[in-house]
Structures are given as structure tokens and as C-alpha cells.
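Work through the exercises below in order. Try each task before you read its solution.

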Amino acid sequence: MLKIKDLHASIDDKDILRGINLEINAGEVHAIMGPNGSGKSTLASVISGHEDYDVSQGSIELEGESLEDLSAEERAHKGVFLSFQYPVEIPGVSVTNFVKTAINESRKGRGLEDMPANEMLQKIREKSELLKIDRKFLSRSLNDGFSGGEKKRNEIFQMAMLEPKLAILDETDSGLDIDALRIVADGVNTLKNKENAVIVITHYQRLLEYIVPDFVHVLYNGRIVKSGGKELALELEAKGYDWIKSDVIA
Amino acid sequence: MDLKEKLISSFWGLDNGIEVDDYINDMRGDAIKIFEASGFPSKKQEAWKYTSLNTLVKRDYALESPSETSIDFNLVKKYFLHDLDSYAIVFIDGKYSAHLSKTTHDGMDICLLSAALTKPKFKAVIENYFNKAASNDSLASLNTAFASEGAFVHIPKHKAVEKPIQIIHFSTGSNAAMLLQPRNLIIADENAHVQIIERHQSFTNHPVFTNSVTEIFGDKRSVIDYYKVQNDFEEASLIDHTFIKQEKDSNCSVHTFSFGGKLIRNNLNFTQNGEHINSTLKGITIIGNKQHVDHSTMVNHNAPNCESHQDYKGIFGDQATGVFNGRILVDQVAQKTNAFQANNNILLSDNATINTKPQLEIFADDVKCSHGCTIGQLDEDALFYMRSRGIPKKEAQALLTYAFANNVLETVKIPELKQRINKLIANKLGVNIGFHL
């Protein structure tokens with residue numbers, strides 16, 4: 001589904017990604033771990049089409065199609081979704097209005113008509129129940145005054161509404177208590193199927209107990225320095241990142 | 001002959017068929033003398049530092065209206081809130097249009113200023129109110145000198161007008177360039193309630209220069225909501241002077257929506273003359289090209305325990321320029337005043353300009369006064385967030401702009417008007433957003 005080859009990216013002339021290679025197939029969950037500043041969030045932003053990053057080398061393909069010349073919205077229309085580490089507050093736009101606009105703009109981008117109102121309503125009801133979101137919450141301004149946990153749950157709610165092919169969860173576990181973590185993970189697991197793929201970016205093994213990855217990659221200094229199965233996450237949790245760093249230096 | 005001379009000489013030969021008594025004639029004579037002495041304001045004056053009338057006053061304007069024009073309602077329907085049952089007082093090139101209007105004398109007066117100025121039964125009211133709130137600066141005086149037509153609204157004690165009043169000043173463009181000087185007088189007696197929507201609108205893109213004066217009097221416990229819709233063609237300029245005098249326990253709000261025109265200057269002047277008065281001044285400005293919008297507000301707090309709330313949002317694209325000059329004057333006796341002022345602006349282009357200046361003059365020692373102004377761009381992080389959810393850049397910008405202006409619309413009490421303003425904003429931003437805030 002996603003093929004990243006020798007990806008180099010920089011911001012303000014500072015190199016962040018220095019040759020990423022990653023291949024993800026439909027139906028897979030990949031975890032990307034690594035110490036602070038290793039480039040995890042940058043990778044997520046670059047896949048999503050953030051214009052501040054300059055891709056100097058390499059390629060990103062989604063289902064065989066290069067994303068290079070596509071804007072962030074066009075990538076979203078192709079099925080890329082990024083759950084933000086820090087979701088932006090937008091006072092004055094309600095959750096429902098925002099989600100409706102996002103869905104219909106994505107449909108427009110794919111050459112489809114607007115979603116019929118009753119279908120939209122049904123879907124909002126179903127997905128908000130899945131994530132145990134109170135109806136009142138939906139008429140509030142987007143992320144405005146939400147707690148950390150509410151923001152993250154709202155991100156996954158949007159993901160559930162948009163049904164992306166490739167979902168990137170950037171530190172979705174940060175700021176979540178254990179109950180919220182479980183709700184979010186249940187949500188992601190329910191949405192998971194053979195046709196889509198998930199990238200989970202995290203510092204900790206905790207989230208991976210709930211969203212079990214098929215592969216774990218360690219990102220350090222802009223490169224994937226180690227890949228393995230889900231056991232790798234446990235090893236990292238036990239030993240920290242220092243042994244990886246010294247491995248790389250050695 | 002320049003415009004000033006032309007105005008002064010035509011004053012003495014003025015014959016518009018509206019015969020007024022000596023009381024008004026003397027007032028006009030005094031007013032033209034003030035204009036003669038001071039002339040058009042220049043940028044040398046502090047209050048006009050950022051707004052130049054130079055190109056406007058250099059032009060030659062017709063001062064007399066052409067003969068009465070009749071227009072088919074269907075052609076101008078779009079400028080009305082036509083889905084709303086309302087009273088209407090409509091003028092075309094300064095002349096009253098009976099067939100577009102819907103006036104009344106049934107239990108209240110919603111009619112013409114010319115009628116009020118000439119009919120004996122209004123003599124007492126005119127002597128009590130006419131030109132009693134307007135200042136005697138040069139442009140307001142110029143209006144007074146020529147004032148003969150406009151809306152006259154008088155709502156008696158305890159009367160709540162059941163539907164809004166639309167005051168619309170049209171210009172046809174059948175004269176190449178035209179100077180219009182409408183004059184409105186609004187009086188709400190004790191505990192009267194009234195909602196008014198005012199609009200100045202050209203039919204075609206032709207130079208029209210409107211120098212408008214509106215006086216509003218809110219007696220004890222009255223509630224007045226006044227909405228100004230300014231969405232005219234690129235060649236139309238408007239200088240609006242609105243003077244509001246409020247008595248004890250009254251509530252008055254003025255919302256100004258400035259979306260189009262060449263040059264717009266809004267002088268909005270509130271005077272509070274009793275305790276527990278509430279004054280609200282709000283505005284949304286969205287302009288581009290080389291348009292210019294200037295809001296100069298003034299709130300005189302002359303009594304204790306009163307409030308004023310000002311909230312102006314501005315969005316400026318291309319080479320547009322904006323001015324906000326907000327003055328709050330708190331008299332020594334006006335203890336426990338609560339005055340709030342905010343002016344927030346977004347510049348969408350590197351060539352757009354906003355000059356914003358809060359001016360607080362406080363002579364009482366126990367007051368709560370706050371002000372703040374911001375100038376910024378649309379939040380880039382928010383834009384990326386929205387785009388990553390599939391919302392195209394233009395729509396995302398529009399949505400953020402909507403969100404930015406949203407709280408100004410919250411206090412609009414007429415749902416049909418709110419919806420219309422939403423549509424105008426969407427049109428102005430060049431998007432079709434599928435929802436209303």
C-alpha cells in the first residue's frame with residue numbers, strides 16, 4: 001500500500017529524515033518508535049503533505065501512485081489520514097460541521113456527491129457511540145477547551161468518519177488515561193481491516209498492548225535503524241533506547 | 001469650481017420642493033457656515049490621518065436627484081431581506097420610492113423625514129430631537145445643511161415593533177456621479193423596542209458619494225438594534241455618521257458589516273446619559289482590492305454603572321486598507337463603568353494594511369476598562385490540520401475566517417439577517433460553505 005524509498009526531508013535547511021525505507025501492506029499495523037527528535041513526527045507530516053518540509057530525495061507511493069506533487073488535501077482524498085499529536089483548536093467551528101465538511105470535500109475530491117443527510121446522521125451516531133462520545137460534545141467548537149483525552153478521542157472519531165486507507169497515529173497515547181487509551185485502541189481495532197493499514201507512532205510500549213503491531217521500527221537520527229516484530233517494542237521498553245544508539249555508533 | 005464651492009453656492013439656490021419653517025432654515029444656515037469655515041477634512045487632522053478624501057472630493061457630482069425613478073421590485077429584490085416580513089423605507093437617488101416602501105402611522109410612525117420636517121403635528125418632536133445628537137463637525141454639518149429626506153421612525157412608549165424596519169438608499173447611476181446626503185431620525189420612547197436594517201446600494205458600478213447622518217434616541221428602558229449592511233460596488237463611497245443618545249436602563253446595539261465599496265468611513269458615536277445603560281458596537285469588515293474601510297468609534301460614558309462592548313473583526317486582502325480608531329471617554333462621575341473594546345485583524349496579503357488605535361480617556365477611578373487589538377495571519381497549523389482532513393486550502397481559509405468572525409454574528413437577533421450575512425461572507429471569500437455557523 002505504502003512504499004517509501006530513500007526519503008530525505010529537511011526543514012529550514014535542517015536535515016531531519018536521512019534516507020527512510022519503509023513498505024507497508026494492506027492489513028498491517030506498523031509501529032514506529034524512537035527517542036525524541038529522531039524524526040517520527042516529521043515522517044508523519046511529510047507523508048501527509050506538510051508544505052514546510054522540503055523533500056530533497058526519495059519517493060513516497062500510495063497504491064503505486066507517487067504522492068510527490070499532491071497537496072495535503074489531495075492526499076487526504078486518496079485516503080491518507082493523520083491523527084495529530086497536538087490537534088489544533090478551532091473556535092467557532094463545531095465538531096459536526098467540521099466532520100461534515102471534511103467528508104463532503106473528500107467525496108467531492110473523489111468525484112462523488114455529498115453524503116445524504118440521513119446517512120451522515122446515522123454514521124455520526126454510530127461512530128460517536130463506538131468512541132463513547134457524548135452527543136453534546138459534537139456541537140462544541142472543534143477541540144476548543146477539550147481535555148487532552150477528548151482531543152485524541154475526537155481525532156479517532158474523525159478517522160472513523162473518514163475511513164482512511166492509511167491512518168497515521170502520531171503519539172495518540174500521549175495525554176490519555178488508561179480508560180481513554182482503551183476506548184481509543186478499541187476504536188482503532190474495530191476500524192482495522194484487510195483493506196487498510198495503520199502506522200502507530202509512539203514512545204511507549206503501552207499503546208501497543210492494545211493496538212498490536214505486526215512490525216516495529218526504530219527511528220533514530222532520521223533513519224530506521226532497527227526493525228522487528230512486536231517483541232522489539234518490549235525489548236525497547238525494558239532496555240531504553242541507549243543500546244540502539246550505541247549500536248548505531250558502533 | 002471645486003466641490004466645496006459648488007455645495008456652498010448650491011445651498012443658497014436649493015429648491016427641492018420641501019418647504020420647512022424658519023426653525024429648520026436657521027439651523028441649516030448655521031450648518032452651512034460651519035462647513036464653509038472648516039471644509040472637507042484633510043489628513044492633517046488626527047481623526048482623518050489614515051483616510052484621505054482627496055480623490056473623492058476632486059470629482060464633480062450631481063447634487064440634485066433626477067426625476068423620480070420607478071424600479072420593478074423583482075430587479076432589486078435581492079437587496080432586501082425579502083423572506084422577512086418587514087417595514088421598508090426606500091429611496092432611489094435620494095427620492096422616496098412609495099411603491100418599494102411599506103410605511104405606517106398606525107400606533108407608531110415609520111415614514112419619511114420630509115414629512116416630519118414639514119407637517120405641523122411633528123413640529124414638537126422635530127424641535128426636541130432633530131440635530132440634537134449630531135455633532136457639528138464639518139461633514140455632519142454639511143449633511144444638516146442639505147438634510148431634507150431620509151427615514152423617520154418614532155416608536156411610542158411601551159411599543160415593541162413586531163417586525164424589523166429596512167431602510168434602503170439606492171442609487172441608479174443615471175447621473176454620471178452623484179452626491180447623496182440622506183438623513184435618518186430614529187426615536188424610541190420609554191420601553192420601546194425596535195430593530196432596523198440599513199443599506200446603501202448602487203444598481204451599477206458608478207461613482208456615488210454618500211454622506212449620511214443618522215440620529216438615534218433611546219429613551220429609558222428602550223431596546224434598539226441597528227444593523228448596517230455595507231456591500232456596495234467598487235465605485236461607491238460612504239461616509240456614515242451615526243449618533244446615539246441613550247437614557248437610563250436603555251440598551252442599544254449597532255452592528256456594521258462592511259464587505260464592499262471604494263471608501264467607507266463609519267463614525268459611530270454613543271452618548272450615555274443615565275445609569276445602567278448598555279451599548280454594543282460590533283463589526284465585521286472583509287475587503288480586498290484597493291478598498292478602504294475606516295471605523296471610528298466613540299463612546300461617552302457620562303453616568304455611573306454603565307457598560308459598553310466593542311468587538312470589531314477585520315479581514316483584509318490584496319491592497320485593502322483598514323482603520324480602527326476606538327475612543328472611550330469615561331467621565332469623572334461615571335464610576336463602575338465597564339467598558340470593553342477589541343479589534344482583531346487578519347491580513348491575507350503582504351500588501352494589505354490595518355491601522356488600529358485604541359484611545360481610552362478615563363477620568364473616574366473605579367472602572368473596569370479593557371482593550372486589545374491584534375493583527376495576524378490565518379493560523380498555518382490550523383490550515384494544515386484542516387487540509388490534512390481533506391478540506392481544500394481555499395475552503396479551509398474561508399472556514400477559519402468564518403470562525404474568526406463568528407462571535408460578532410452571535411448577537412445578531414434577526415435569523416434571516418444572520419443567514420444573509422453568512423451568505424455574503426461566503427460570497428466574499430469565494431467559497432460555497434455548506435453550513436451556517
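**Exercise 1.** Which residues on the other side of α4(A) are exposed?

*Solution.* Start with the ground rules. This is a predicted model: local features need pLDDT of at least 70, side-chain atom pairs count only at pLDDT 80 or more, and totals for chains, interfaces and linings use all residues. Residues are numbered from 1 along each chain as its sequence is written, while chains are lettered from A and ligands numbered from 1 in the order in which they are written.

Step 1. Find the helix. Helices (H or I, at least four residues) and strands (E, at least two) are DSSP runs, numbered from the N terminus. α4 of chain A covers residues 117-130.

Step 2. Apply the test. A residue is buried if 20 or more other C-beta atoms lie within 10 Å of its own, exposed if 12 or fewer, and partly exposed in between; C-beta atoms are placed from the backbone.

Step 3. Read off the exposed residues: N118(A), E119(A), Q122(A), R125(A), E126(A) and E129(A).

**Exercise 2.** Find the buried residues of α4(A) and say what they pack against.

*Solution.* Step 1. I124(A), K127(A) and S128(A) are buried.

Step 2. They lie on the same side of α4(A), because they cover an arc of only 100 degrees around the axis (the arc of the directions from the helix axis to the C-beta atoms). An α-helix has 3.6 residues a turn, so residues three or four places apart point the same way.

Step 3. Their packing partners in chain A are α3 (95-109), α5 (135-138) and α6 (148-162). Two residues are in contact if their C-beta atoms, placed from the backbone, lie within 7 Å.

**Exercise 3.** Describe how enclosed α1(A) is, and what follows it.

*Solution.* Step 1. α1 of chain A spans residues 40-48.

Step 2. Count. 9 of the 9 residues are buried, so α1(A) is largely enclosed by the rest of the structure. Among them are K40(A), L43(A) and I47(A).

Step 3. Move on along the chain. G49(A) follows, with a positive phi near 95 degrees.

**Exercise 4.** How many residues does each chain bring to the contact of chain A with chain B?

*Solution.* Step 1. Chain A brings 24 residues and chain B brings 20 residues.

Step 2. On the side of chain A that touches chain B, α2 (72-78), β7 (90-94), α3 and α6 each supply at least two residues.

Step 3. α3(A) gives the most, with 8 residues.

Technical notes:
The expected span of a helix is 1.5 Å times one less than its number of residues.
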